[in-house]
Amino acid sequence: MTMSNHGGDCCKSGPGYATPLLAMSGLRENIIYVAAIYTGTGQDKPDYLATVDVDPSSSTYSSVIHRLSMPFLGDELHHSGWNSCSSCHSDPSCERRYLILPSLLSGRIYVVDTKTNPKEPSLHRVVEPAEVLEKTGLAYPHQPHCLASGDLLVSCLGDKDGNAGGSGFLLLDSEFNVKRRWEKEGSSPLFGYDFWYQPRHETMISTSWGAPAAFTKGFDLKDVSDGLYGKHLHVYSWPEGELKQILDLGDNGLLPLEIRFLHDPTKATGFTGCALSSTIVRFFKNEDETWSHEVAISVKPLKVENWILPEMPGLITDFLISLDDRFLYFSNWLHGDIRQYNIEDPKNPVLTGQLHVGGLVQKGSHAFALGEEDETLQFDVPMIKDQRLRGGPQMFQLSLDGNRLYVTNSLFSVWDKQFYPELVEKGSHMLQIDVDTDKGGLSINPNFFVDFGSEPDGPSLAHEMRYPGGDCTSDIWV
């Protein structure tokens, strides 16, 4: 491990790892935290943080071993992040201790202590939405990222009335006190969602979901044509927060959600997953310091019968990049497949693995896909531990070494209810996919199945996942 010489102490370093490649040789995960949601399911229960045992040698392997319930109802836990990550590796005074859990609907931001007892985390603090609103005008907090300064940045998707025009970025200090908006006045994004910063290129780029007033009611295609959903990337100066450029992705980039730079901090390129257009768009810096974009991967819609439309988009809802920047993985939530691409040449991704683990056109579903000669077909989806797989693959987390991909299947409670009512009735599940990092390829681990349908308080919806030691979707190298 590379040691820091911060403060004259040559034998200590801050959280995380000095480089992404060193992170790949880090400790294997043995527990994983999963946001579990009751909001929107009709059950009068608070959302909770589930601790799942992922140690194959453990007697409680593949099960929930602890549940930290939030103190309020109606939160809709969604994304999460750490108070400190590899961006602070050079500062031994920092530690990765607190998991930050914004509530998309209530606006509360929970701070969870994972250090005192990692297997039984406890609530440390609640940042109240009234304080955030009073000091910044922001609501609907979504994605947190820690900064090398010790501060915390949280994307927010709208104002108190759900208007996207009120979106922006909340800056918290290391004690989780509200400081201010991060972006300069007049530099707020058109829509909010995810973001990633790259200090060596003095840039932060954010994506666009939609107006909370629209997406909290369920998905309506008319809202897209009415301009209530985004198709833009926002390029900011880092760390100043000045909006330098807006990239209009057009019809090939509708609803850009997750965004990831390559992990190598010297590289000025990355990808965003555009849900509705079902594309992976690559963005890159030009010689004149401006940024451009191009479609790198496109998923063809399926012609279908017995569905609400004659064509079904894949709906790319999550993706991630392995720490060595060799592989990109994404989920088609509606089609039901997971894909693996080799991106060693980022301009020319190559499909190396594909696996169906659910979807609306799996065998036994009411919808059928149509082949080239309009023959009907449905995809084979394996049963795991005698369980039929529900919903479609959604959120991902990859082991540090890149060999294990964890998958949950809830997108957002209102949308789950709309597209996969069975998911709300019977609950989510969590899978583990074995990854071939040599030749490429994906296969289901038949011994791992976490059934959130059999939770003590009733079926819940499983969303984002985090390891105590950090991961490839929360750690940023500077």
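**A look at the surface and the rings**

A: Ile308 is exposed, because its relative accessible area is 62% (exposed is over 50%, buried under 20%, partly exposed in between; 1.4 Å probe, protein chains only). This is a predicted model, where local features need pLDDT of at least 70, side-chain atom pairs count only at pLDDT 80 or more, and totals for chains, interfaces and linings use all residues. Numbering runs from 1 along each chain as its sequence is written, and side-chain values use heavy atoms, without hydrogens and water.

Ile308 sits in the loop between strand S20 (302-305) and strand S21 (311-312) (strands are DSSP E runs of at least two residues, numbered from the N terminus). Together with Leu221 and Leu309, Ile308 makes a nonpolar surface patch with about 290 Å² of accessible area (Shrake-Rupley, 1.4 Å probe). Patch members have over 30% relative accessible area and no salt bridge, with nonpolar side chains joined within 5 Å and like charges within 9 Å; a salt bridge is a Lys or Arg side-chain nitrogen within 4 Å of an Asp or Glu carboxyl oxygen.

Glu305, Glu372, Glu373, Asp374 and Glu375 form a negative patch, with charges placed at CG of Asp or CD of Glu. Glu375 lies between strands S26 (368-370) and S27 (376-377), in the loop, and is partly exposed at 41% relative accessible area.

As for rings, there are 26 aromatic pairs (centres within 6.5 Å; planes under 30 degrees apart are stacked, over 60 edge-to-face, the rest tilted). Trp209 and Phe215 are stacked, because their centres are 3.7 Å apart and their planes at 5°.

Notes. Lys and Arg count as positive and Asp and Glu as negative; His and the chain ends are not counted. Helices (H or I, at least four residues) and strands (E, at least two) are DSSP runs, numbered from the N terminus. Rings of Phe, Tyr and Trp (its six-membered ring) pair if their centres lie within 6.5 Å; planes under 30 degrees apart count as stacked, over 60 as edge-to-face and the rest as tilted.
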